[in-house]
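Thank you all for coming.

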Amino acid sequence: MKRPISISFMILSAWLLFSAYPTLASAEADITIDAEAGFENKVKYNRGVPLQITASNNGTAFSGDLVIDYSESYNIGAGLTVPLDLAAGETKTFSLSLPGMMDNSYSGGVTNQTIYVYEGGWEKGDAIDFQGSKSLRPNYFMPEIPFVATLTENADRLRGIGEYLPVNGADAQVFHFNSDGENTLPSDPLAWDTLDYLIIDEFPYSDLSAETQQAVMVWLEQGGEILVGADSNLTAAAGNLTELLPMQLNSSEETDVPGFENPIPVYQAEVDEDARVLLEGDGQILAVKKDVGAGAIIQTAFSLGDEPVVSQDGYEGVLVNLVDAGQNSSAFQQDQSIKERMSYEIGMVNELFESFAVSKTAMFLIILLYIIIVVPVLYIFLIKKDKREYAWLAIPVIAVLASIGIFAAGAKDRIANPQIQQTGFFEVDGDGGLNGYYMSTLLSNRSGDYRFTAPANTTMTATTGDQFSSANTHQNAILENGAADSTLTVRDMRYWSVASVLGESYISGSGQFDIQLAMENGNLTGTIKNSFPFSVKDAAVWTGTRLISLGDFNPDEEKQIAETVQSELLQPISPIAQYQMPQNISGSGEELIEARKQSALAMSYEHFGKDASTPYLIAYADTAIAPVSLEDQEANISAVHLLAQSFEPKMNFDGEVAISSDNFRIDVQPQNTMGHVEKYPDNPHFYGLEPGEYRVLYKLPDALAEQDAEWSRFETQSSATDVEFSILRTDTGEYESLAAGANDLSENSGDYISADGNIEIRIIKNELTGYSEITVPKIELEGVIGQ
């Protein structure tokens, strides 16, 4: 009787256990995730991405981590993690940011999972199943499409602004924000990276949180553009932007504004000395621009959204001109991001470390000591002890010890500490800040995880090591963002293996070069002072494709410069012959340093050259200026950073002057939606064009445009056969056809150059020939500069 009872009890216990298990598992894993990337689910390639994550728990209390995989390219990415602690029935919303995203969907319609939930944390916990969003699926836009944020009490005032700012024929994307919590601005500077402009018009900006205002300030210093409309209460409403505003407003009155049909209310204004006037009329300043770090504030003396303004004919043209004053050229855009190109162009030399090296003296002494011990010493000792048979053991042991000694002598640096090679390129802005990119490559001295830390104004991401790897990116590296700094953990490194971390950084108050140079009769003279707190090496003036060497500078050192340039103008920078990886690098330290310098120089044009209209002063610093460090471990660091500062020498023109297209800044812009421009950095006059209409703008150097010149010779030269060229006459506003080959326009040369030194040529690309590559017309000018 007892046996059937025991069996029945076991069956009942098993049934209770298995029937309870699904309920327990469901309760533990009953998490729902709702995720959206970008603003209104819109993101840009190669730009920072804001995330909005909502997590709900319908089961028991949960503690763990939420991990979002992201890939900026096929070989750059990591996993962003945030702690996820949810009580039973609790819902939380997170605002996060990613350094960038690429489209991971494939033609078959399958999208890889990129969102994970780890119970107990990502380090030792287990991934669990959950409901809702398993991946991010935003709408992607090219980097050149303007993303505009507006702050106004009435969004309808600026509702149509996107139609006024087309690029490549596509309207700008406009996002209206407010302060009532419904659609608020992010407080993370990285989330702001996706935006190009912030328009503030009659809005209490000072009411925004201190964190949001600080995020705006960081974004502005790193290259953002803010357009501020006039407001009677602007000083009180501008928050932390108040001290940066380039105009102080007084009373307003009806005034005629160039471009507007009727008078509008315009404030009288006092303008800062360091502001540049963009618009004025009848002696009254109407709009100015002030550089702030790598960005700028554009301020108007009239409202941008009042009905008397927005309803007028001409409003669109005025607004476009104001934005164009701060807009970067989009013709330089590449399919690949700078960081992606860095990952292999800088990476292929930055990831090479100095070979094991044992000095000849040390090698000789070790071998000599080995011979002395093994031959006379060991022989005499064993004979004396009558232990000659021990030689069979002693000789191999001594040989092993000698080998270990040789190995230790060569590998002592790799054994004691990890090694880091940091290579980057930074542009010096007008406020003494450095804005640029870096790559830090680690050579491990042990296996396991390595943690890098960086402040909030420096982004970090990791190379995956395998361009075609299908593994989850968070298995390679984990990114944790904090309020003041971030941590990137490179996971499961092998002994003596290599991993790279790269990103963008803005370093405020670093210093600058004090450049006081002048050009006259082909001679460059003046002084240069190094105001950085560290030494720089191999300083040079970069003009065109030439580097004029100036030597090394110690901190606060000033040098007299006297160089023969054999040119009347210093040209804007052009690509120097692209660096080619040497086929046989010996592995010596000096050769590797030189290779890293060359790779940084080749890549720097990607960052500086897209808007360059001036020469640059460049130099190299061996100080690890990128604020990225290894946590809880000392590392031996070798740094190579290229520093670049644009400048315009004073021009002392005297009499005749001759210039060519090499002296112009050239910008090619499509004028319809089907247009596309492919620029080749190695040739500043060579472009790939889809069928359509294009505008080519040739801009004279500012120093020459400001002179009173009388041009006696104006010639163009073109060779393309499947396009039509025409040049704009400034006196009539009409385009004049240009024949293929040479065109002599000397008779009316002054009618083709605008008051601000611009020449405009229109290109009509034949639809029948499809995409093709052309050389834009070349221009040669000769004339006399009035004194």
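I will go through the sheet and the helix on it, then a hairpin, and then some salt bridges.

First, the ground rules: this is a predicted model, in which local features need pLDDT of at least 70 and side-chain atom pairs count only at pLDDT 80 or more, while totals for chains, interfaces and linings use all residues. Residues are numbered from 1 along each chain as its sequence is written, and side-chain values use heavy atoms, with hydrogens and water left out.

Let me begin with the open sheet of eight strands, whose order is E23-E26-E21-E20-E34-E32-E29-E30, with mixed pairing; strands here are DSSP runs of E of at least two residues, helices are runs of H or I of at least four, both numbered from the N terminus, and two strands pair if DSSP finds at least two bridges between them. At the edges are E23 (461–462) and E30 (546–553), each of which pairs on one side only. Within the sheet, E29 (residues 536–543) and E32 (residues 616–621) run antiparallel and are joined by four bridges, and Lys-537 has Tyr-620 of E32 as its bridge partner.

Helix H12 packs on this sheet, touching E20, E21, E29, E30, E32 and E34, where contact means heavy atoms within 4.5 Å.

Which residues make the contact between H8 and H12? Helix H8 (residues 338–345) packs against H12 (residues 589–608) at an angle of about 170°, with the axes 11 Å apart; axes are lines fitted to C-alpha atoms, for helices over the stretch in contact, and angles run from 0 to 180 degrees between N-to-C directions. From H8 come Ile-338, Arg-341, Met-342 and Glu-345, and from H12 come Ser-599, Met-603, Glu-606 and His-607.

Two residues separate the strands, and Asp-282 in the turn has a positive phi of about 50°.

Finally, the salt bridges, of which there are 19, each being a side-chain nitrogen of Lys or Arg within 4 Å of a carboxyl oxygen of Asp or Glu. In one of them, Glu-631 meets Arg-451 at 2.8 Å, N to O; Glu-631 lies in the loop between E33 and E34 and Arg-451 in E22, so the pair ties together parts that are 180 residues apart in sequence.
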